[in-house]
Amino acid sequence: MEQPKTKELSGLQMPVDDTNRMLALTLLAGDEFIFVIRLITTGELIGLIGFYKCYQPDFSVSTGFRELGYLLAENMWGNGYMTEVGDKLINEFFKDTNYKYLCAGIMPNNHRSQRVLTKLKFVQSLQPDELTSDQFGPKELYFQRTAE
C-alpha cells in the first residue's frame with residue numbers, strides 16, 4: 001500500500017525494486033528493539049516503532065545513544081496512537097537498558113512528528129559530536145531525550 005504523505009514527511013528512502021526493498025526491511029527488522037503496532041480491537045497492523053542503532057564517527061555502534069524511528073498508517077494519524085505507544089515503550093526502554101539518550105531526526109515540514117516528539121519529552125538540539133555526521137540527513141531537525 002502506497003503512503004505518499006508518509007514517504008514525503010519521513011524522508012525515508014526505500015529501494016524501488018522489490019528484492020532490495022525486502023532486503024532493507026529484513027535488515028531493519030533484524031534488530032531486537034523493533035516493534036509492530038496493531039489495533040487492540042481488530043489486530044490490524046497500523047505502524048512500526050523502533051530504537052535503531054546510532055553510530056560514532058569511527059562507525060562503531062554507540063553504547064549511549066539509540067535513534068527513535070516510527071511510521072504510522074496515514075488513516076490512523078491524529079488519534080494519539082504514536083504518543084501512547086511511544087510513551088510506554090520509551091519508559092520501558094530506558095528502564096530495561098543502559099542507554100542514556102534517545103535521538104530522532106525529522107524533516108522540517110513534518111509538524112505532526114514534531115508534536116509527537118515534544119509530547120514524548122524530546123527537545124530539539126544540535127546533533128552531538130559523538131555521533132557520526134552521517135547518522136542524520138543534512139535537512140533533518142535533530143531531537144534528543146535523556147533518560148530520567
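**Side chains and confidence in a predicted model**

Colleague: Starting with F51: buried or exposed?
Modeller: F51 counts as buried, at 1% relative accessibility. Buried is under 20% relative accessible area, exposed is over 50%, and partly exposed is in between, with a 1.4 Å probe and protein chains only.

Colleague: What am I looking at, and how are residues numbered?
Modeller: This is a predicted model, in which local features need pLDDT of at least 70 and side-chain atom pairs count only at pLDDT 80 or more, while totals for chains, interfaces and linings use all residues. Residues are numbered from 1 along each chain as its sequence is written, and side-chain values use heavy atoms, with hydrogens and water left out.

Colleague: What is the mean pLDDT of the chain?
Modeller: The mean is 85, and 78% of the residues reach 70 or more. pLDDT is the predictor's confidence in each residue, from 0 to 100.

Colleague: Where is confidence lowest?
Modeller: In helix 1 (residues 4-10), with a mean of 48, whereas strand 5 (residues 123-124) is highest at 97. Helices (H or I, at least four residues) and strands (E, at least two) are DSSP runs, numbered from the N terminus. Over residues 6-10 the pLDDT stays under 50, and the model has 15 contacts (heavy atoms within 4.5 Å) for them beyond four places in sequence. Where pLDDT is low, the predicted coordinates should not be read in detail.

Colleague: Back to rings. How many aromatic pairs are there?
Modeller: Seven. One is F35 with F51: the ring centres are 6.5 Å apart and the planes at 80°, so this pair is edge-to-face. F35 is in strand 1 (residues 34-38) and F51 in strand 2, 16 residues apart, so the pair links distant parts of the chain. For the rule, rings of Phe, Tyr and Trp (its six-membered ring) pair if their centres lie within 6.5 Å; planes under 30 degrees apart are stacked, over 60 edge-to-face, and the rest tilted.

Colleague: Which residues form the aromatic cluster?
Modeller: F33, F35, F51, F93, F94 and Y99 form one cluster.

Colleague: New topic. How many salt bridges are there?
Modeller: Three, where a salt bridge is a side-chain nitrogen of Lys or Arg within 4 Å of a carboxyl oxygen of Asp or Glu. K95 pairs with E92, with the closest N and O atoms 3.3 Å apart. Both lie in helix 3 (residues 81-96), three residues apart, about one turn of the helix. K95 is exposed at 59%, and E92 is partly exposed at 37%.

Colleague: What does K121 meet?
Modeller: K121 meets E148 in a salt bridge, 3.4 Å from N to O. This pair links distant parts of the chain, 27 residues apart: K121 is in the loop between helix 4 (111-119) and strand 5, and E148 in the segment after strand 6 (141-146). K121 is partly exposed at 44%, while E148 is exposed at 74%.

Colleague: What about R145, buried or exposed?
Modeller: R145 is buried at 2%. The side chain of R145 forms a salt bridge with E148 at 3.5 Å, N to O.
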